[in-house]
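Colleague: Could you walk me through this model and tell me what stands behind the terms you use?

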Amino acid sequence: MDAIIVARGVEKRYGATTALAGVDLTIAPGVVYALLGPNGAGKTTLIHILTTLIRPDAGTVQIAGHDVVRQAAAVRPLIGVTFQDTTLDRELNARQILEAHARLYRISASERRQRIAALAALLHLEQVLERPARTLSGGMRRRLQLARSLLATPQVLFLDEPTTGLDPQNRSALHAHISDLARTRGMTVLLSTHAMDEAEAIAERVGIIDHGRLVAEGTPRSLTAALGADLVRFRGYGDSTALRSALGALPWVSRVMVDDASSDIAIGVDDGARRVAELVTWAQRCGYQVQAIDVRHPSLAEAFLAHTGVALRD
Ligand SMILES: Nc1ncnc2c1ncn2[C@@H]1O[C@H](COP(=O)(O)OP(=O)(O)O)[C@@H](O)[C@H]1O
Ligand SMILES: [Mg+2]
């Protein structure tokens, strides 16, 4: 099937700041896609452009074949959005908030009642529908926002950092809701997050964004596979620079990352268990003292670090 979100060369500047430096994105219908990046990477800017809120300086975006700038009015009914900054009228109760939103979309009274009841059941909001928004917990507020964004039964749902600030329990409950929605309604979900474990937990595809560019994209598995089948990590001290260049030249080493602060080294290899002894020998040869070793499969966290260099440097 054709892609439901297609972005080409999207750029956005704010004065001297380049928020987006040319983003290409193609997302198939029904996919849960995580835009993973640190603060300031450009996630919110991109979501604002995809949801017709702001215009790009260059490039094009189509949602279900409609241009977000020229055909914004055709795009809006197709999408639901939960923005990063909470926007709920604190004095209204949950039901009134949902009612008001449904009216905005000209949903009939009987349909409104039905949809609000169904979403309240789905997101476990039945007990709090009559409570003012200001009395709701963070998790309840997020679920209420999610319910609101689903009222108009969108084809594409945009969630900007949906779980930021939630405790682990509420967080995983929301993950389950999002996955359920995508599966049962065939809805496409694009969510942004700076939490690697979140992307790993719910996304079928992940785009790593940094400094306004998509630096890597793929399934969580394919992103970590690029690091090698296993990651051998040395904690230690000594000449990490010499060791890095020596290891970098070995054909079975796919990647060497050094933490500049601690001199710890992470080495992507084809087969960790088989290579450890050889790696330790190389360390001794290069004047690096290994104090501790662990071997495991790379996580999306390491893929992220490898692509963005935020904490570990290549
Ligand atoms: N309205 C704005 N005015 C000026 N600069 C902005 C504005 N919105 C975003 N930026 C800048 O653009 C960059 C990307 O921001 P943003 O899209 O909010 O990133 P993220 O959501 O990934 O944290 C940052 O450097 C940010 O300071
Ligand atoms: Mg943001």
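Modeller: Gladly! The shell around ligand 1 divides into 3 nonpolar, 7 polar and 1 charged residues. This is a predicted model, where local features need pLDDT of at least 70, side-chain atom pairs count only at pLDDT 80 or more, and totals for chains, interfaces and linings use all residues. Residues are numbered from 1 along each chain as its sequence is written, while chains are lettered from A and ligands numbered from 1 in the order in which they are written.

Colleague: What makes a residue part of the shell around ligand 1?

Modeller: Its C-beta atom, placed from the backbone, must lie within 6 Å of the ligand. Tyr14, Thr17, Ala19, Gly37, Asn39, Gly40, Ala41, Gly42, Lys43, Thr44 and Thr45 surround ligand 1. Two or more of the residues come from each of β2 (17–27) and α1 (43–50), and α1 gives the most, with 3 residues.

Colleague: Why are α3 and α5 called roughly parallel?

Modeller: Angles under 35 degrees count as roughly parallel. The axes of α3 (residues 94–104) and α5 (residues 138–150) cross at roughly 25° and come within 9 Å, so the two helices are roughly parallel to each other.

Colleague: How do you know which residues of α3 and α5 meet?

Modeller: Two residues are in contact if their C-beta atoms, placed from the backbone, lie within 7 Å. Ala94, Ile97, Leu98 and His101 in α3 thus meet Leu144, Ala147 and Arg148 in α5. Of these contact residues, 5 are nonpolar, 1 is polar and 1 is charged; Ala, Val, Leu, Ile, Met, Phe, Trp, Tyr, Cys and Pro count as nonpolar, Asp, Glu, Lys and Arg as charged, and the others, Gly among them, as polar.

Note on methods: Axes are lines fitted to C-alpha atoms, for helices over the stretch in contact, and angles run from 0 to 180 degrees between N-to-C directions. Helices (H or I, at least four residues) and strands (E, at least two) are DSSP runs, numbered from the N terminus. Angles under 35 degrees count as roughly parallel, over 145 as roughly antiparallel, 65 to 115 as roughly perpendicular and the rest as oblique.
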